[in-house]
Amino acid sequence: MAAFALLWLSTLLLLALLVNAADLYKVLDIDRSASEKDIRAAYKRLSRKYHPDKNKDESAEEKFVEVAHAYEVLSDPQKRQIYDRHGEEGLKAHEGGHQHHANPFDMFQSFFGAQQGSQTRRGPTSLMEMEVNLADMYKGASIDFMVKKRILCDHCRGSGAASSADIHTCTGCNGQGVKIVRQQIFPGMFSQSQVSCNECQGRGKIIKKQCPHCQGAKVLDHTQRYTLDVPEGAPEAHEIVFEGEADESPDWEAGDIVIRVRSKKDKGGFRRKESGLYWKETISVDEALLGFERNLTHLDGRTIELKRHSVTQPGYVQTLKGEGMPIQGESGHGDLYVEYNVVLPRSLSPQLKQKLAEAFHGDTAAKGKDEL
Ligand SMILES: [Zn+2]
Ligand SMILES: [Zn+2]
């Protein structure tokens, strides 16, 4: 009796050691309040990261197993509740002392659908163009956006069946997905051809009871929020890749979402050409002739002084060194080019006309005209 108790105790200790009491939330790098979607997203990200096929780090496999275990517990509302209240010990007690662990590799496979490895089929890449404010490309920005996509049904994990017991091997083709059809072409002469099994549509499996969650569709429509990190000085058509975030399907490993960023064309705002910025400033005749000081608000809100002390010709372009776009990957900035547009007044008061005439012609011209 005592020996049995001791053995039982040591088994427990061994289990406690095996499943190191690392906080499962920390393993998935999520809050305790994380939603089911957050948990799913975290598993997806980390299991890819640590999959030993992709990650050659020595500790990767261990991490991969930990991540799978954390997901197994936290994705199951009942297990999660027990874990939240009583920790790993509570889970062990719940499962009668011996915890059952799903094979982390099977879990990965069922989660991502298609087999991992060399013959993995990848789903289509989803390319989206996004217009952002030029200021966001100047300063860098985090922009939230939503994407409508298809995800594997989380009830049946993409099998389309109510439970795994509802998936039966097709009897028409013995699970092969194909049938051999013998046809007599002449008496005594047959042709054999392989055709896709019509009973299971070539899948080799028949689902007796459809998943109530997705009605057998295997995938669900889903809207997911992402955060786009636009780097400072991002070039036009800069691409940001969200790996494996495109439509999911049991037939493939999800492709990437690629966001191609361009700046919005604001009327009257800053224009950009590579690292150069362009601005059009309108000045009056007196400013064009006598000089001026004006303030320009830059893309980051700073005030830039536009100053001229001599005559400014219409169309003149002033270069402000280093006030252009940040050059990505380098420390410098391009230049800012300010083009001046001069507007003439619509009409002149007689007094102003007189004064201008005096200033330009020493008043004789004005008099001469009056005399005509
Ligand atoms: Zn389903
Ligand atoms: Zn079949």
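How much accessible surface does the protein have, and what share of it belongs to carbon and sulfur atoms? The accessible surface comes to about 23,300 Å² (Shrake-Rupley method, 1.4 Å probe), and 51% of that belongs to carbon and sulfur atoms.

Before going on, a few ground rules. This is a predicted model, where local features need pLDDT of at least 70. Residues are numbered from 1 along each chain as its sequence is written, and hydrogens and water are left out of side-chain values.

Now for the overall build. The protein has ten helices and 15 strands, which are DSSP runs (helices: H or I, at least four residues; strands: E, at least two). Of its 372 residues, 37% count as buried, that is, under 20% relative accessible area with a 1.4 Å probe, protein chains only.

Next, meet the zinc ion (ligand 1). Its protein donors (N, O and S atoms within 2.8 Å of the metal, or 3.2 Å for Na, K and Ca) are the SG atoms of Cys153, Cys156, Cys211 and Cys214, lying 2.2 to 2.3 Å away. The donor atoms subtend angles of 106 to 115°, so the arrangement is tetrahedral; for four donors, that label requires all angles to lie between 85 and 135 degrees. Cys153 sits in the loop between strand 2 (141-152) and strand 3 (167-169), while Cys211 is in the loop between strand 6 (205-207) and strand 7 (219-230), 58 residues apart. Both Cys153 and Cys211 are buried.

How far can you trust all this? The mean pLDDT (the predictor's confidence in each residue, from 0 to 100) is 86. Over residues 12-19, though, the pLDDT is below 50.

Technical notes. Chains lettered and ligands numbered in written order. Predicted model: local features only at pLDDT ≥ 70, side-chain atom pairs only at ≥ 80, totals over all residues. Tetrahedral: all angles 85-135°; square planar, octahedral: opposite > 155°, others 65-115°. Buried < 20%, exposed > 50% of the residue type's maximum accessible area, 1.4 Å probe, protein only. Contact = heavy atoms within 4.5 Å.
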